[in-house]
Amino acid sequence: MEDEELAKSLLVSQQPGNIRISNGFGSNDTGASASTSASGVTAVLLLSAFVTACSAFAGGFVAGYSAPAESGIIDDLGLSVAEYSVFGSIMTIGGMVGAVISGKLADIIGRKYTMWILDIFYIMGWLAIYFAKGAWLLDLGRLSLGFGFGLTCYVVPTYLSEITPKNLRGGITSVSMAMMPLSVSVAYLIGSVINWRALALIGAIPCLLQLFGLFFIPESPRWLAKIGQEKEFEAALQRLRGKNVNISDEAADIKDYTENIQKIPEDKILDLFQQKYAHLHIVGIGLMVLQQFGGLNGYTYYMNEIFELAGVPSITGFIVVSIPQIPAIALGSILIEKFGRRTLLMVCVTGECLGCFLTGLSFVLQNLNWWMEATPTLMLSGIVVFKVSYSLGVGSIPWIIISEIFPINIKGSAGSICNAVNWFCTWLVSFTFNFLVEWSLAGTFFIYGSMSCLGVLFIAKLVPETKGRTLEEIQASLTHILQ
């Protein structure tokens, strides 16, 4: 009963007569927000977005490193295929460990200091790989990179969602998170012309940029409000919004919401599975499963093999696939605020379904020796459609929604669960891909396409729209649903 009364008070504190409340399935009532959080872009906000984008770019580079480096590492260090497989897959173990602790770590030491830690693990990992003379240091470096990547997947969207005004939150977070798939392609392209040690040093460049940039960006104002640092909270918010901007309404909304929600005891990990959080967990975990089971890692880790099977030169394939991702990222940052997260995500998942279907169809035609002259074009078209759809929204929107829907008292634990599920699904897709390919190459992509089709239904039925509302409004409305 006490939780119910507090939930009602949260709604009242966020509702001076005009707040927009969602029904949790995408509909919005009319009315203007009482908060003045619809602010413009400032230099500090852009710098903060750039610094976090460096982290996301570094994470994608980690994922894309192993494919172009494979032949060079095996030849130079004399590794067996089994030893290199350990090197390629051990990143996932590090990622899962980082994912499990990411939420609690960011809650305890803050978002900014968590980025310091992940950056140190990135740099140590790249240096270990660069100086490796044998498998053990190589694997240790890869494990360190995976741990940093696991932290990145949680703290980057969380930090961005907490520092950006509601009218810019989707676009800025979308661009930053889209750096992950883009940097995978960049790693492929650069790795095709330089050796693996030089590629490791290039991978450290965005980490060094972030390390330097962290000195100049503020901590998350909402985290500062949560731990009771009121002066620091207001100073950070003022820096982000601009020194001449009146932040009193936004600051009051954040403080009121934080003070009210902290009256609810912070839930332990097992308490998160109560009925009142069921909808949030279904949405968060479902989006993570959808993001990975759409087949991303099947494309990412085995792109060379796919190009070879289709008879397309690898360098040509990488260039054709990579170039369209850049305008897709820019377009996604615009469309996400115009049409909303939910609508854009449904369109992008549909695009993934189409891409998988085209890729699978190309291999069906190849097996039947039909229309052989068009098979490479059809296969490339499928991969381009998939990658563009992923860059446009699938790569970023699930993380954005997860960073928005969980109340601050459970955000760390719930975010860790979602992040860990994502990494487990990453491992599961990469582990099963070769087995599925041995069964049927075309069937593999048809399965991935079917998962995307189911994902469209999941989004339409369960995922709420969060566009145009503050985090406090979103979380208060979803808390209302759950009580």
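**View 1. Leucine 454 counts as exposed, at 52% relative accessibility** (exposed means over 50% relative accessible area, buried under 20%, and partly exposed in between, with a 1.4 Å probe and protein chains only). The model is predicted, so that local features need pLDDT of at least 70 and side-chain atom pairs count only at pLDDT 80 or more, whereas totals for chains, interfaces and linings use all residues. Residues are numbered from 1 along each chain as its sequence is written, and side-chain values use heavy atoms, with hydrogens and water left out. Leucine 454 lies in helix α21, residues 441-462 (helices are DSSP runs of H or I with at least four residues, strands are runs of E with at least two, and both are numbered from the N terminus). Although leucine 454 and cysteine 353 are 101 residues apart in sequence, their C-alpha atoms are 9.6 Å apart in space. Cysteine 353 counts as buried, with a relative accessibility of 16%, while cysteine 453 is partly exposed at 38%. A search of the whole structure finds zero disulfides, a disulfide being a pair of cysteine sulfur atoms within 2.5 Å.

**View 2. Aspartate 107 forms salt bridges with arginine 111 and with lysine 226.** A salt bridge is a side-chain nitrogen of Lys or Arg within 4 Å of a carboxyl oxygen of Asp or Glu, and the structure holds 11 of them. The N to O distance is 3.0 Å for the pair of arginine 111 and aspartate 107, and the closest N and O atoms of lysine 226 and aspartate 107 are 3.7 Å apart. This second pair links distant parts of the chain, with lysine 226 in helix α9 (residues 221-226) and aspartate 107 in helix α3 (residues 81-109), 119 residues apart. Aspartate 107 is buried, with a relative accessible area of 9%, and lysine 226 also counts as buried, at 12% relative accessibility; arginine 111 is buried as well. Asp107, Arg111 and Lys226 belong to a network of salt bridges that also includes Glu162 and Lys411.

**View 3. Helix α10 spans residues 230-241 and has 12 residues**. From its first C-alpha to its last, α10 reaches 17 Å, close to the 16 Å expected at 1.5 Å a residue, where the expected span is 1.5 Å times one less than the number of residues. The buried residues of α10 are Phe233, Ala236, Leu237, Leu240 and Arg241. Because these residues cover an arc of only 125° around the axis, they lie on the same side of α10; the arc is that of the directions from the helix axis to the C-beta atoms. The side chain of arginine 241 meets that of glutamate 250 in a salt bridge of 2.9 Å, N to O, and both of these residues are buried. Just after α10, glycine 242 takes a positive phi of about 110°.

**View 4. Asparagine 419 lies in helix α20, residues 411-439**. Asparagine 419 is buried, with a relative accessible area of 0%. Leaving aside residues up to four places away in sequence, asparagine 419 touches Ala99, Ser102, Gly150, Cys153, Tyr154 and Trp399, contact meaning heavy atoms within 4.5 Å. Among contacts between residues at least 6 apart in sequence, 83% join residues at least 24 apart.
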